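Please consult the sequence and the structure shown here while reading.

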Amino acid sequence: MQTEINYSDGTIEARIIEILKNSSRLGSHENLVPSGNTEWAVEYHLSPVRPNMLRPFRWQGMDVLEVGSGMGALSRFLAENVNHLSLVEGTQARLSGAKARLRDLKNWDAFCGNFENYQTARRYDVVCFLGVLEYSEVYIAGGSPF
C-alpha cells in the first residue's frame, strides 16, 4: 500500500519539477537554480552545494536507501556514486521531481509512501535520513513520534 504523507512546500514544487524536466544538465555538480531566483525552496532543491555534506564519504560499491528523497538533490549525487540507490519519498509530487533528476541513470528504484510501509528483501550498506526526522510528527503514528 502506497499512501502518501501530507507534506509540501506548496505551489513552488510544480515550478521546481518543471525546471528539472526542462534541464539537460542533471549532474550533482550542476547549478540548476535559474538566474535571478529569490525562492529559498528553489535554491534548496536545485543548488549543487547541498550534496557537499555527502561528498567526503566513499560511496562506491554500496547499496543505499535514501528515506525522504525529496526532489533528488542528494539522490542525484548518491546515484552517481553508488552501486544501487532506493528512494522512499512520501509524496508523488516530490518523487516526480526526483525521477526527473535521475531520468538518465538506471541504478535506482523508488517507493512513494510512508517509510513505515516500505518493505524490501534488498539489504543496504547505508540508510540515509537526511532532513527527514525533524518532520516525523507528520508521518509517524503514535503519541511520541520524536
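Setting aside neighbours within four places in sequence, S69 is in contact (heavy atoms within 4.5 Å) with S75, L87, V88 and E89. S69 belongs to the loop that runs between β1 (63-67) and α3. Its relative accessibility is 5%, so S69 counts as buried; the term buried means under 20% relative accessible area, exposed means over 50%, and partly exposed lies in between, with a 1.4 Å probe and protein chains only.

The model is a predicted one, in which local features need pLDDT of at least 70 and side-chain atom pairs count only at pLDDT 80 or more, while totals for chains, interfaces and linings use all residues. Residues are numbered from 1 along each chain as its sequence is written, and side-chain values use heavy atoms, with hydrogens and water left out.

**Overall organisation**

The secondary structure of the protein chain comprises 5 helices and 4 strands. These are DSSP runs numbered from the N terminus, with helices (H or I) of at least four residues and strands (E) of at least two. Along the sequence, the elements follow the pattern α-α-β-α-β-α-β-β-α. Of the 146 residues in the protein chain, 47% are buried. Among the contacts in the protein chain with a separation of 6 or more, 56% join residues 24 or more positions apart.

**Helix α4 and its surroundings**

Helix α4 spans residues 92-101, and R94, L95, G97, A98, A100 and R101 are buried in it. These buried residues pack against α1 (12-22), α2 (40-46), α3 (73-81), β2 (84-89) and β3 (108-112).

How far apart are the axes of α1 and α4, and at what angle do these helices pack? The axes are 8 Å apart and the angle is about 15°. Axes here are lines fitted to C-alpha atoms, for helices over the stretch in contact, and angles run from 0 to 180 degrees between N-to-C directions. α1 and α4 are therefore roughly parallel to each other; angles under 35 degrees count as roughly parallel, over 145 as roughly antiparallel, 65 to 115 as roughly perpendicular and the rest as oblique. The contact involves E13, I17, L20 and K21 of α1, together with A93, R94, S96, G97, A100 and R101 of α4. By class, the contact of α1 with α4 has 4 nonpolar, 2 polar and 4 charged residues. In this scheme Ala, Val, Leu, Ile, Met, Phe, Trp, Tyr, Cys and Pro are nonpolar, Asp, Glu, Lys and Arg are charged, and the others, Gly among them, are polar.

E80 is found in helix α3, and V127 lies in strand β4 (residues 126-129). Leaving out residues up to four places away in sequence, E80 touches G27, S28 and L105, whereas V127 touches L65 and V67. The C-alpha atoms of E80 and N107 are separated by 8.8 Å, although these residues are 27 apart along the chain. For V127 and D63, 64 residues apart along the chain, the C-alpha separation is 8.9 Å.

| Residue | Relative accessible area | Class |
|---|---|---|
| E80 | 33% | partly exposed |
| V127 | 44% | partly exposed |
| C112 | 3% | buried |
| C128 | 6% | buried |

**Disulfides**

A disulfide is taken as a pair of cysteine sulfur atoms within 2.5 Å. By this rule, the count is 0 disulfides.
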